[in-house]
Amino acid sequence: MHKSATSLLASPNIPSENEVYLFVSKITSKSSRNNLIKILQAVQNRYGYLPEAGLKAISQFMKIPLSRVYGVATFYHQFKLEPPGRYVILVCMGTACHAKGNMNNYEFLRLLLGLDSNKHTTEDGMFSLESARCFGCCSLAPVIMIMSSDGSYKRLYGHVTPMLLKKIINEYRVKVLKEVTIHVGHAKRNPVR
Amino acid sequence: MSAMPKEILYGKTGFKIKVPIASCTVAGGAEKIYENVLAEVKSRNVNAEVTIVGCMGLDFIDPWIELARVGYPPAIYAKVKPEDVGRIISNYLSGDLSQAYALRFRVNGIKKEDVPTLDELDSWKYQVRWVSRNCGIVNPESIEDYIILGGYRGLKRSLSMKPEEIIEEIKKSGLRGRGGAGFPTWLKWKICREQPGDEKYVIANCDEGDPGAFMNRLLAESDPHRILEGLIIAGYAIGAQKSFIFVRAEKPLAARRLSKAVEDAYASGFLGGNILNSGFNFDVEVFLSAGAFVCGEETAMISAIEGGRATPRQRPPYPAVKGLWNKPTIINNVETLAHVATIMSDGWKKFAALGTERSKGTKMYCVVGSVKRTGAYEVPIGTSIRDLVYRMAGGPPEGRKIKAVQVGGPSGGCIPSSMLDLPLDYETLQEAGAIMGSGGIVVIDDSNCMVDIARFFLSFTMAESCGQCIPGRIGTRLMYEILTRITSGLGEMRDLDLLREICTVMIKTCLCALGRTAPNPVLTTLRYFKDEYVAHIKEKVCPALVCKAFVRYKIDPNKCKGCTLCAKNCPVQAISGNLGSPHVINQDKCVKCGTCVEVCPSNAIIKVSGKIMEKQVQVMKE
């Protein structure tokens with residue numbers, strides 16, 4: 001029961017096309033001189049990624065060819081076209097972190113989470129694994145950052161090793177499980193519609 | 001230091017506790033410390049002013065706090081844990097300073113114990129803190145703090161001068177761009193000033209992308225108003241009315257602090273219309289970059305602000321002539337702008353008295369990697385690498401030997417330890433094959449493989465290449481593939497000539513500086529560490545035991561107690577053995593992650609050089 005509950009809650013919220021469309025129409029109508037990057041940032045801040053419907057709506061409302069919108073969206077690191085996991089693990093690939101073996105940590109996490117070069121999010125939607133550029137916290141190298149997909153929660157871990165990573169990942173699994181159990185219990189008492 | 005105004009030192013209540021909230025200290029738990037300090041102050045009913053400050057650059061003592069009460073010496077406590085806060089406050093108030101890391105200055109009558117002052121520390125006394133003077137001292141979210149310490153004086157003075165006079169004063173100071181290339185700031189301004197038209201732009205470059213460099217982040221998080229002041233002066237000098245601060249979205253705190261500074265500056269009349277009744281109008285917008293290393297290139301940054309892909313443009317025309325929306329534009333690094341503010345308030349003479357004949361003033365360097373005291377240090381230009389790495393950063397940790405220092409990020413080069421006496425200035429570094437870049441210095445020790453380091457940088461530039469020009473797009477990929485071949489045991493001697501050839505082509509034909517400098521890590525490692533390349537290719541060994549193709553993990557049966565810890569933790573179940581008897585690693589399964597080494601309580605697992613056999617090479621090739 002736990003397992004299904006976890007995947008239920010951990011799976012990302014996919015917004016409806018209609019909702020995305022309305023949101024984009026709202027933000028693009030605000031000012032006359034819009035900047036494509038800012039609009040894309042607004043959409044991603046809202047949904048955690050750039051849904052296809054969002055790109056199409058932006059193209060339509062801003063009168064920019066979809067190919068250009070897609071070109072900009074895929075150029076910058078910040079933008080994601082796939083919904084991220086509940087928690088995004090960012091492994092720093094700065095020079096100091098590399099020199100202190102963060103590549104090993106990255107490989108270890110891939111094995112631990114059952115991911116490969118084409119698969120960045122775990123089956124249950126709990127974790128996404130990404131590499132990141134320098135966080136500027138080189139004194140703590142090697143570092144990883146774990147953030148919630150909406151960016152509201154962020155935590156940096158310094159001096160990480162495979163064993164520490166294993167512990168950290170477990171902590172998050174427990175944490176999510178707790179949240180889910182509370183949520184499920186709550187839903188039972190107050191059935192929604 | 002003791003000349004600092006009382007209000008900044010001791011606060012309005014005569015007792016001030018400073019907690020640094022910056023990316024580096026937050027990672028160490030500073031937010032919890034801040035909460036605890038507030039709670040302790042409340043529960044003890046001491047009349048203390050708790051304030052946030054930025055980072056002072058001594059990252060190795062993070063997270064730190066500073067306590068200062070009138071009559072007591074201000075004391076800095078290092079590596080504070082949230083639970084220590086109560087004890088620190090009690091001890092400090094009882095006059096026991098023995099646990100402090102350093103004092104700002106001593107106070108007569110209070111026993112000094114054996115605690116040094118900041119000026120007695122090696123990491124501090126050789127510094128000349130010019131742009132970083134306020135870092136760790138002012139509240140970065142308070143414009144009042146900045147003004148009390150003389151802030152916006154430079155702007156007031158500048159507005160009473162003619163723009164040409166300001167440019168002349170910057171010329172006399174000898175300030176050169178701190179973003180990397182070292183172009184004279186005054187010349188850039190003059191060219192832009194002389195362009196016809198009223199619509200001109202200034203862009204503050206805070207898009208710090210070099211891995212290992214964090215001085216821009218530190219400045220923006222710790223003293224954002226200094227950057228802003230320099231930016232307004234630059235705008236006045238070239239005749240611009242609008243400017244952008246280009247910040248990475250990955251550095252959210254820096255962006256937030258800069259935005260707050262802009263807001264406060266508007267409210268105080270330093271921005272907006274008719275600034276300080278001078279008739280000068282100026283607006284600033286903080287632009288969040290979506291993240292791409294190539295944005296550090298001026299013309300690419302312009303493309304990004306215009307809302308497109310950040311692809312560089314052909315130069316000339318230079319941005320100072322034809323930049324943002326085809327209007328004359330100057331782009332200055334935030335450290336350069338901070339220098340402008342300081343020069344205009346303190347006068348050019350003090351600045352020009354520091355540095356070398358051709359490069360004046362100070363520069364901030366971040367020293368990271370294999371050193372005891374990681375941090376950001378501000379020193380006069382021309383200081384030797386050795387002074388920075390050994391005297392200030394304390395040299396390598398016990399048992400390690402420095403092999404090289406990597407200066408200037410992915411566009412820079414690796415300088416061998418035999419050349420550490422080189423002075424850090426633009427020309428000398430260029431001759432050695434590196435560049436000043438933003439000033440990141442990564443110290444590489446004997447546990448690192450230079451070929452692997454070169455490969456790492458190429459993986460970076462390959463991923464960051466914008467894909468526009470062919471030499472940049474294909475050259476970086478080719479070099480990365482060759483280096484990968486060498487580090488996986490498939491290299492041949494002619495690969496080295498091929499590498500050199502690609503480098504030459506890229507230097508000559510790439511459209512932008514990112515492409516033209518991308519070969520630097522390869523060229524310098526080839527120049528200074530050729531023997532390591534040869535060892536990988538001819539002897540099929542990695543001398544530093546880094547490249548996975550050349551290493552093997554082995555369990556010493558004499559030391560192994562059979563505790564099964566390694567087998568339990570191996571992510572690929574490559575270790576087998578029964579409880580109580582020595583274990584064995586299955587080399588075919590092993591992914592060489594090193595987890596077993598870390599968990600083994602009896603140090604029984606060792607990394608050995610596993611020469612690749614001809615047979616294996618054949619299999620890999622197939």
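Predicted model: local features only at pLDDT ≥ 70, side-chain atom pairs only at ≥ 80, totals over all residues.
Student: Let's start with chain A, how many helices and strands does the secondary structure come to?

Tutor: Chain A has eight helices and four strands, and from the N terminus on the elements run α-α-α-α-α-β-α-α-β-β-β-α.

Student: And which domains does the assignment give for chain A?

Tutor: The domain assignment gives domain 1, covering 13-75, and domain 2, covering 87-189, and the C-alpha centres of these two domains of chain A lie 28 Å apart.

Student: What about helix H5 of chain A, which of its residues are buried?

Tutor: In H5(A), which spans residues 66-75, the buried residues are A:Val69, A:Val72, A:Ala73 and A:Phe75. These residues cover an arc of only 165 degrees around the axis, so they sit on the same side of H5(A).

Student: What do the buried ones pack against, and which residues are exposed on the other side?

Tutor: The buried residues of H5(A) pack against helix H3 (36-47) and helix H4 (52-62) of chain A, whereas A:Ser67 and A:Thr74 are exposed on the other side of H5(A).

Student: Moving on to the sheet in chain A, in what order do the strands come?

Tutor: The order is S2-S1-S3-S4 in an open sheet of four strands with mixed pairing. Strand S2 (127-132) and strand S4 (154-157) of chain A stand at the edges with a single partner strand each, so one side of each has no neighbour in the sheet. On average, and with direction ignored, neighbouring strands of this sheet are turned by 20 degrees against each other.

Student: How do S3 and S4 of chain A run, parallel or antiparallel?

Tutor: Strand S3 (residues 144-148) of chain A and S4(A) run antiparallel and are joined by four bridges; A:Met147, for instance, has A:Lys154 in S4(A) as its bridge partner.

Student: Which helix lies across S1, S2 and S3 there?

Tutor: That is helix H7 of chain A, residues 102-113, which lies across strand S1 (87-92), S2 and S3 of chain A and runs at about 150 degrees to S1(A).

Student: Now chain B: strand S1, is it buried or exposed?

Tutor: Six of the six residues of strand S1 (residues 15-20) of chain B are buried, so this strand is largely enclosed by the rest of the structure. B:Phe15, B:Ile17 and B:Val19 point one way from S1(B), while B:Lys16, B:Lys18 and B:Pro20 point the other way, and all are buried.

Student: Why would they go in two directions like that?

Tutor: In a regular strand the side chains alternate between the two faces of the sheet.

Student: And which strands is S1(B) joined to?

Tutor: Four bridges join S1(B) to strand S3 (residues 65-69) of chain B, and these two run antiparallel, with B:Leu67 in S3(B) as the bridge partner of B:Ile17. Five bridges join S1(B) to strand S2 (residues 49-53) of chain B in a parallel run, where B:Lys16 stands opposite B:Glu49.

Student: What about B:Asp145, is that buried or exposed?

Tutor: B:Asp145 counts as buried because it has 21 C-beta neighbours inside 10 Å, and a residue needs 20 or more of them to be called buried. B:Asp145 is found in helix H6 (residues 143-148) of chain B, and, leaving out residues up to four places away in sequence, it touches B:Ile8, B:Val138 and B:Asn139.

Student: Last topic, how many residues of chain B are in contact with chain A?

Tutor: 42 residues of chain B are in contact with 35 residues of chain A. The elements of chain B giving two or more residues to the side that touches chain A are helix H2 (23-27), strand S10 (362-369), strand S14 (440-445) and helix H25 (595-599). The residues on that side of chain B divide into 21 nonpolar, 14 polar and seven charged.

Key. Residues numbered from 1 in each chain as written. Chains lettered and ligands numbered in written order. Contact = placed C-beta atoms within 7 Å. Nonpolar A, V, L, I, M, F, W, Y, C, P; charged D, E, K, R; others polar. Buried ≥ 20, exposed ≤ 12 C-beta atoms within 10 Å, placed from the backbone. Pairing = 2+ DSSP bridges. Domains from an automatic or database assignment. Arc of directions from axis to C-beta. Axes fitted to C-alpha atoms, helices over the stretch in contact; angles between N-to-C directions.
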